[in-house]
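Please go through the briefing below with the model open beside it. The points are grouped by topic, and each term is given its cut-offs once.

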Amino acid sequence: MTSRHRKKIMKSYDTHKYDLHDAVVKMLNRADSNMVGTWEKQQQRSSPDKEELLLQEFRVAVPSLNRSAFGGQCENAQRYLSDHIASDTEFLSAFDTFVRGVVLPWLKNKLIECQMVGNSTDECKFYYQRPPTLRLQPGPSRAYVKAHADSDYGHQDGELNFWIPLVNLEQAGKTYLHVESEPNKGDYHPIVSTYGDVVSFHGSFCRHFVPANASNNTRISLDFRIGLDKYFDTKWQMIGTTADHARCEVTY
């Protein structure tokens, strides 16, 4: 993949038309609160209104904050949440609508600008990760995501990362995603964004990290990857990990 394709880009979208916040709220409400968590307000009311539930006020179940080696259930909770997302058809429908209505048209236009695609009538294939990954980072905590490139975990060159914050990161410890501009350059900079933004970057080789969340709120985001037409190897094997991601092939 060329440097033009790897360039970090950010786009805003209509959160009323594509309400991913509400989709995740409903999906979490359908999960086992003893494994994942709940809202403090939900514990006080039997039927809380949608407007009262903010993702940044979600509280992760206390036993799920610690790993099993320390008496917790973190690993089991992570597996449970992954399985729950993969089987939640209502959430996946909202995610598909977002990817096909926002991300793929935007991405194809960028590929046309990079001269990878001739024009809007030319077809190209995309392979998007489905389901996406949901990240929960409760605070206050000293835990952080260390700087890494996704190729460290077996990901290939021919895909782009897409990151979607679902909360106001200013109120969640300013836990912006930090990304270097080019592979191994080390010039990390925060991507100042909030709910209503989607960010694309080449995470396979551009290192990135997330700082600790010192706030009392929970940082929640979605991320996924999209393989790009001829650059994406459909037979790629992620050596060193068993947690490969399912893909949905779309010709656009």
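Phe 224 is buried in this predicted model, with a relative accessible area of 1%, where buried means under 20% relative accessible area, exposed over 50% and partly exposed in between, using a 1.4 Å probe and protein chains only. The model is a prediction, so local features need pLDDT of at least 70 and side-chain atom pairs count only at pLDDT 80 or more, while totals for chains, interfaces and linings use all residues. Residues are numbered from 1 along each chain as its sequence is written, and side-chain values use heavy atoms, with hydrogens and water left out.

**Aromatic pairs**

- A search of the whole structure finds ten aromatic pairs, a pair being two rings of Phe, Tyr or Trp (its six-membered ring) with centres within 6.5 Å, counted as stacked if the planes are under 30 degrees apart, edge-to-face if over 60 and tilted for the rest.
- One of the ten aromatic pairs joins Tyr 18 and Phe 98 in an edge-to-face arrangement, with 6.2 Å from centre to centre and 75 degrees between the planes.
- This pair links distant parts of the chain, since Tyr 18 sits in the loop between β1 (9–12) and α2 (20–29) and Phe 98 in helix α5 (residues 89–113), 80 residues apart; helices (H or I, at least four residues) and strands (E, at least two) are DSSP runs, numbered from the N terminus.
- Both partners are covered: Tyr 18 is buried at a relative accessible area of 13%, and Phe 98 is buried at 0%.
- Phe 95 and Phe 224 form an edge-to-face pair, with centres 5.1 Å apart and 85 degrees between the planes.
- Because Phe 95 lies in helix α5 and Phe 224 in strand β12 (residues 219–228), their pair ties together parts that are 129 residues apart in sequence, and Phe 95 is itself buried, with a relative accessible area of 0%.
- Ring pairs also connect Phe 95 and Phe 224 with Trp 106, Tyr 128 and Phe 162 in a cluster.

**Overall form and surface**

- The protein has five helices and 13 strands.
- Its radius of gyration is 18 Å, close to the 18 Å that the globule rule gives for 252 residues, so the protein is as compact as a globular protein of that length; the radius is taken over C-alpha atoms, and the rule is 2.2 Å times the number of residues to the power 0.38.
- Taken along the principal axes, the C-alpha atoms fill a box of roughly 55 × 35 × 35 Å.
- Buried residues make up 47% of the 252 residues, and in α2 the share is eight of ten, so that this helix is mostly covered.
- The buried residues of α2 include Leu 20, Ala 23, Val 24, Met 27 and Leu 28.
- Of the contacts with a separation of 6 or more, 80% are accounted for by residues 24 or more positions apart, contact meaning heavy atoms within 4.5 Å.
- The protein exposes about 12,900 Å², of which carbon and sulfur atoms supply 47%; accessible areas come from the Shrake-Rupley method with a 1.4 Å probe, and for residues only the protein chains shown count as cover.
- There are 30 positive and 31 negative side chains, and the centres of the two sets lie 3 Å apart; Lys and Arg count as positive and Asp and Glu as negative, with His and the chain ends not counted, and each charge is placed at NZ of Lys, CZ of Arg, CG of Asp or CD of Glu.

- Gln 137 belongs to strand β5 (residues 133–137) and is buried at 13% relative accessibility.
- Not counting residues up to four places away in sequence, the contacts of Gln 137 include Ala 143, Thr 175, Val 210, Asn 217 and Arg 219.
- Val 36, in the loop between α2 and β2 (37–39), is buried with a relative accessible area of 4%.
- Leaving aside neighbours within four places in sequence, Val 36 is in contact with residues including Leu 28, Phe 58, Tyr 80 and Leu 136.

**Backbone features**

- A cis peptide bond joins Arg 130 and Pro 131, with omega about 10 degrees, and Pro 131 is in the loop between β4 (125–129) and β5.
- A cis peptide bond also joins Gly 139 and Pro 140, with omega about -5 degrees, and Pro 140 is in the loop between β5 and β6 (145–148).
- Lys 174, in the loop between β7 (159–165) and β8 (178–179), has a positive phi near 55 degrees although it is not glycine, and counts as partly exposed at 49% relative accessibility.
- Asn 184, in the loop between β8 and β9 (189–190), has a positive phi near 65 degrees, likewise in a residue other than glycine, and counts as exposed at 62% relative accessibility.
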